[in-house]
Amino acid sequence: MGMTITEKIMAKSAGKKRVEPGESIWLNVDVLMTHDVCGPPTIDIWKREFGDKAKIWDKEKLVIFPDHYIFTKNPQANRNVNILREFANEYNVPNYYDVGTDRYKGVCHIALAEEGYNLPGTVLFGTDSHTCTSGAFGMFSTGVGNTDAAFILGTGKIWEKVPESLKFIFEGNMPEYLTAKDLILMILGDITTDGGTYRALEFDGEAIFSMQMDERMTLTNMAIEAGAMNGIIKADEVTEKYVRERTDKPYEIFESDPDAKYREVYRYNVNEIEPLVAKPHSPDNRDTVRNVAGRKLTKCYIGSCTGGKLTDFYNAAKIIFGNEVKTPTFIVPGSTYVAQQLEVETINGITLKEIFEKAGCVIAQSSCAACLGGPADTVGRAADGEVVISTTNRNFPGRMGSKKSEVFLASPLTVAASAVTGVITDPREFL
């Protein structure tokens, strides 16, 4: 019996020829990432458990991105960033990307890709559930709690159980009205928020490999919304081009064997899928945009590690071009690089930034912003009674702010169409 791509990468990391689902192994970690929410408690646990003479196992493999609660006057949030800054200075951490400096990058999951930390065949852990985003690069990447992260920080190792794999094959050519967000919402509606619990979600098929990296990252990003341990896509020439433009570090490409064992295999024809939403209050509460069209909105939000990439904004701008938004619409670039590119990328000779500004959108600084709710002064935060449509990843009560708000999750195309009309709108009306 062959092995899946996830099993092969884990076997390599563990120094084994073969691993099987259910087997527990020691993994050697290639990169540990943390941020301002979970970094401080991770550091505290590490110092407590490893003692006064604690040493980072490999400073080059530790990456720290403040990104969650950044542009706020909240003293607790500011203190968390100060703790990271003090730690980075005390231990001379080279890969610390401090806010308020030219090194600040924005959302960790997008920055990991942009800064060349995502390498095919490697193992990356982060103190954030959406660390599975990096799996789009043909690598094993998952989130861990603060205690496990502290152990990695001191040893470079972690004890993990090899997951079973689910395979999702998307056949056909992607229609212009669909994005990766629609595909992952389709999956979540089918398997629910616990259908992938402690499993690997592997994405395959013609439609997947026609996508650029931004879109592939959206798929693996929301694997955790199914409870999955990781999402993964085999690296191909598109992946390699992206990686080689950003780093010269070595990597190894793995792919699943033809006889690899999967718990289940799902097949879809993308031409049979229409624009989708996740209705309040769960990412698996799937419906078609057509069925909920006309619902009045109070806010539209395009951003986050899921929907704040350059391709997301290009898709949104295609619809917003030449129009004005009828409801407050927030454009939150996922990274400072993406923010810069909004002033470079054009449609009909007009930059994306100009398109959004002329339409009346609010363009915010790069960060997680309202995706995780945040302090009261967080830009785009949902207030009591609001009905929001968003490109983010979760719509549990209170996720984007008030527990008395409602959040619909959708693609950038659907959010943009809805922003122009002021009600939930099928993007096919504009395409």
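Not counting residues up to four places away in sequence, Val162 touches Glu7, Met10, Val19, Glu20, Pro21, Gly22, Glu23 and Ile25, where contact means heavy atoms within 4.5 Å. The structure is a predicted model, in which local features need pLDDT of at least 70 and side-chain atom pairs count only at pLDDT 80 or more, whereas totals for chains, interfaces and linings use all residues. Residues are numbered from 1 along each chain as its sequence is written, and side-chain values use heavy atoms, with hydrogens and water left out.

Val162 itself sits in the loop between β6 (157-161) and β7; helices (H or I, at least four residues) and strands (E, at least two) are DSSP runs, numbered from the N terminus. Val162 is buried, with a relative accessible area of 2%; buried means under 20% relative accessible area, exposed over 50%, and partly exposed in between (1.4 Å probe, protein chains only). The C-alpha atoms of Val162 and Ala339 are separated by 38 Å, the two residues being 177 apart along the chain.

From this loop the chain can be followed to strand β7. Of the 8 residues of β7, 6 are buried, so the strand is largely enclosed by the rest of the structure. An open sheet is formed by 4 strands in the order β9-β8-β7-β10, with parallel pairing; two strands pair if DSSP finds at least two bridges between them. The edges are held by β9 (230-233) and β10, each with a single partner strand, so one side of each is left without a neighbour in the sheet. On average, neighbouring strands of this sheet are turned by 20° against each other, direction ignored; axes are lines fitted to C-alpha atoms, for helices over the stretch in contact, and angles run from 0 to 180 degrees between N-to-C directions. Helix α1 (residues 5-14) packs on the sheet, where it touches β8 and β9, and its direction makes about 105° with that of β9.

Within the sheet, β7 is joined to β8 by 6 bridges in a parallel run, and Ile169 has Asp204 of β8 as its bridge partner. The pairing of β7 with β10 is likewise parallel, over 6 bridges, with Leu166 opposite Glu264 in β10. Helix α6 lies across β7, β8 and β10, running at about 130° to β7.

Leaving aside its neighbours within four places in sequence, Phe170 is in contact with residues including Leu183, Ile187, Tyr268 and Ile273.

Leu32 stands opposite Phe125 in β4. On strand β4 (residues 123-126), Val123 and Phe125 point one way and Leu124 and Gly126 the other way, and all are buried. Strand β5 (residues 140-143) runs parallel to β4 and is joined to it by 4 bridges; Phe140 in β5 is the bridge partner of Val123.

Leu32 is also found in the lining of the largest cavity, together with Thr34, Gly39, Thr42, Ile43, Leu62, Ile64, Phe87 and Leu153. On a 1 Å grid over the protein atoms alone, a cavity is a set of points where a 1.4 Å probe fits but cannot get out, and a pocket is an open set with protein on both sides within 12 Å along at least five of seven lines; lining residues have an atom within 4 Å of a point. About 50 Å³ of space lies in the largest cavity; grid points are joined across faces, edges and corners, and a volume is the space filled by probe spheres set on the points. The most lining residues of the largest cavity come from α2, with 3 residues.

The largest pocket holds about 430 Å³ of space. Of its 19 lining residues, the closest to its centre are Gln212, Met213, Asp214, Tyr242 and Arg246. At least two lining residues each are supplied by α4 (108-114), α8 (213-221), α9 (237-244), α12 and α13 (336-341). In helix α12 (residues 310-320), 8 of the 11 residues are buried, so the helix is largely enclosed by the rest of the structure. Just after α12, Gly322 takes a positive phi of about 80°.
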